[in-house]
Amino acid sequence: MALKIAKSFMRRNDLVKLFYQDGKQLLQSKTYVLTVSTNRSTFFGTYARKQNNLKFGKQILCNRFYSVKTAEESDAEYYKEHNITIVGEDIPSPFKDIDNSYFPEYIKQFLDAQGFTKPTVIQAQGWPIAISGKNFVGIAQTGTGKTLAYLLPAVIQLKEKEGRKGRGPRVLILAPTRELARQIEEVAKEFQKLFNLRCLCIYGGVSRIPQMEALKNGVDILIATPGRLNDFLDSKVTNLSRCGYVVLDEADRMLDMGFEPQIRKALEDVPLERQILMFSATWPKEVQYLAKDYLGEFVQVNVGSTELSANHNIKQHIHVCEQEEKMAKFKSIMHEMSGEGFGKVLVFTNTKRFVDSLTLTLKRNGWPAVGIHGDKSQQQRDVTINKFRSGSTNVLVATDVAARGLDVDGVTHVINYDFPNTSEDYIHRIGRTGRLQNKGVAHTILTTEDARQARSLIAVLKEANQEIPKELEDLARDYRSMKISDKQPRYSPKKPTWATKKWNNFRSDRYSRY
Ligand code: AMP
């Protein structure tokens, strides 16, 4: 009773956990609540276990279930080699190889069966942090192996720790898009078979009924888009009272998409004794606030710079032309690529309407293409992605619904028919190729309409040691001098003439997104 009253008066960050340390493996710990608002600390609890080696640490409540070696000086070389920056206390030493990791045997066997011989960088540092029970923020590029970075510790937690009774999920993974959620589900399904865990993926755009039935039957790992999760929480179909492990995948993207209220609502429903892992490609203020509010203490791992940068395995080609020359330029890129040979090509445009029109144009010109955008039904989107994944068609035209998280093997080329709204989106789009250690090629068409983006694009190219065409520099310079001269309040692109009308059929309406 006293405990309940005390809890209701305290802020989240006032809660600390008392944990016992017993050599390597920690004992099942008892949770106490300690107020730290005054100098005097007050314990509330049913009993205090007396132990000689009792230690306590101030720590946001979390599920500490494995003890791992703390990072030492010899790890500095690894951090330097992989350009890793770490912020936090008691940082566990990275698992540089799988054999010598603290993983249980069944996990090692799983990785072996997958043919994964070495952890990726985010896994090497993320795994020991996650299995030691700490809250974690990972800032890493797409395609770096982050799904397994958070799923393996989740599986260990499910296998080794007894959960509370109930039907709600014990592990919750929030993802911004249906595509990413489905992709995570694919990986999680592997564990379903192997370890007898129940996985479920819920997302909007499809009927709620089958998802509702499945939720009512009980679930261990729930992968959800924030909107649909909120819907089920509000209607009390499920609850998060058993949830001890939460992952926010592509947190920056979720906030960009306006899901902050839904995320906060879900996190409020998760018990305080939980662990949160947050992955983000960028580290903007909004993401920092979210981490501060819900993670309390955490270890942050930046792989590469916190400034978003393009994957250096991608050769970036920039083509500057007039609006009316765009289609001709695009076709010449396609012809050139066909001559050299390509695996799979992902073509991005900015609008749904133009996805359909470009798909048709490609088909008419002998490239069997498929298109995907937000107006297609979930079933159509699944069929399209599967066709592209299986290679039965190797040209996919898409809006930004496919810009992030889409993990399809063998994408050798990305073409930006339209330049995206921001250079961050550009980096995500081209990041669909060159995944892991593969090489990739990106072609991007820019016109004077994209002049305002030229400067930031130059910065991205410079960082990745790519060639900067003179036309792009001119575009950036002209735009700058135009702004300085301040003669024109707004930049206005060239008016179409009779000669351009033909191409305007292909022009995308930049303001109707996805
Ligand atoms: P993700 O960033 O989670 O989308 O992963 C990108 C790709 O990397 C997926 O196709 C994974 O199967 C693959 N992958 C994940 N971990 C490893 C690893 N340790 N070694 C090689 N490939 C991996």
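Predicted model: local features only at pLDDT ≥ 70, side-chain atom pairs only at ≥ 80, totals over all residues.
Author: A residue is near a molecule or strand if one of its heavy atoms lies within 4 Å of it. Residues are numbered from 1 along each chain as its sequence is written, and side-chain values use heavy atoms, with hydrogens and water left out.

Reader: Which residues come nearest to the ligand?

Author: There are 13 residues around the ligand. Lys 118, Gln 123, Gly 145, Thr 147 and Asp 407 come nearest.

Reader: Now the rings. How many aromatic pairs does a search of the whole structure find?

Author: Rings of Phe, Tyr and Trp (its six-membered ring) pair if their centres lie within 6.5 Å. Planes under 30 degrees apart count as stacked, over 60 as edge-to-face, and the rest as tilted. The search finds 12 aromatic pairs. Phe 110 and Phe 191 form a tilted one, 4.7 Å centre to centre with 40° between the planes.

Reader: Why does this pair tie together parts that are 81 residues apart in sequence?

Author: Look at the elements. Helices (H or I, at least four residues) and strands (E, at least two) are DSSP runs, numbered from the N terminus. Phe 110 lies in helix α3 (residues 105-114) and Phe 191 in helix α6 (residues 178-195), so their pairing joins parts 81 residues apart.

Reader: Is Phe 110 buried or exposed?

Author: Buried means under 20% relative accessible area, exposed over 50%, and partly exposed in between (1.4 Å probe, protein chains only). Phe 110 has 4% relative accessibility, so it counts as buried. Phe 191 is buried too, at 0%. Next, take Tyr 150 and Phe 279, a tilted pair with 5.4 Å between centres and 55° between planes. Tyr 150 is in helix α5 (residues 146-160) and Phe 279 in strand β9 (residues 275-280), 129 residues apart. Tyr 150 is buried at 0%, and Phe 279 is buried at 1%.

Reader: Which residues do ring pairs link into a cluster?

Author: Phe 95, Tyr 102, Phe 103 and Trp 127.

Reader: Where does the charged end of Lys 159 sit?

Author: A charge sits over a ring if NZ of Lys or CZ of Arg is within 6 Å of the ring centre and within 35 degrees of the ring normal. The charged end of Lys 159 is over the ring of Tyr 106, 5.4 Å from its centre. Lys 344 has its charged end over the ring of Phe 388, 5.9 Å from the centre.

Reader: How many residues has the largest nonpolar core?

Author: In soluble globular proteins, nonpolar side chains tend to be buried together. A nonpolar core is a set of buried Ala, Val, Leu, Ile, Met, Phe, Trp, Tyr and Cys residues joined through side-chain atoms within 4.5 Å. The largest here has 51 residues. Those with the most contacts inside it include Phe 103, Tyr 150 and Phe 191. Helix α5 gives the most to this core, with nine residues.

Reader: Which polar contact does the side chain of Gln 316 make?

Author: Gln 316 is in strand β11 (residues 314-320). This residue is buried, at 2%. Its side chain makes a polar contact with the side chain of Tyr 426, at 2.7 Å. Gln 275, in strand β9, is buried at 0%. The side chain of Gln 275 reaches the backbone oxygen of Ala 130 at 2.8 Å.

Reader: What is the phi of Asp 90?

Author: Most residues other than glycine have a negative phi. Asp 90 has a positive phi, near 50°. Asp 90 lies in the loop between β3 (84-87) and α3, and is exposed at 56%. Asn 465 also has a positive phi, about 55°, although it is not a glycine. Asn 465 is in the loop between α16 (454-463) and α17 (470-485), and is exposed at 65%.

Methods. Polar contact = N/O pair within 3.5 Å; in protein donor to acceptor, adjacent residues only side chain to side chain.
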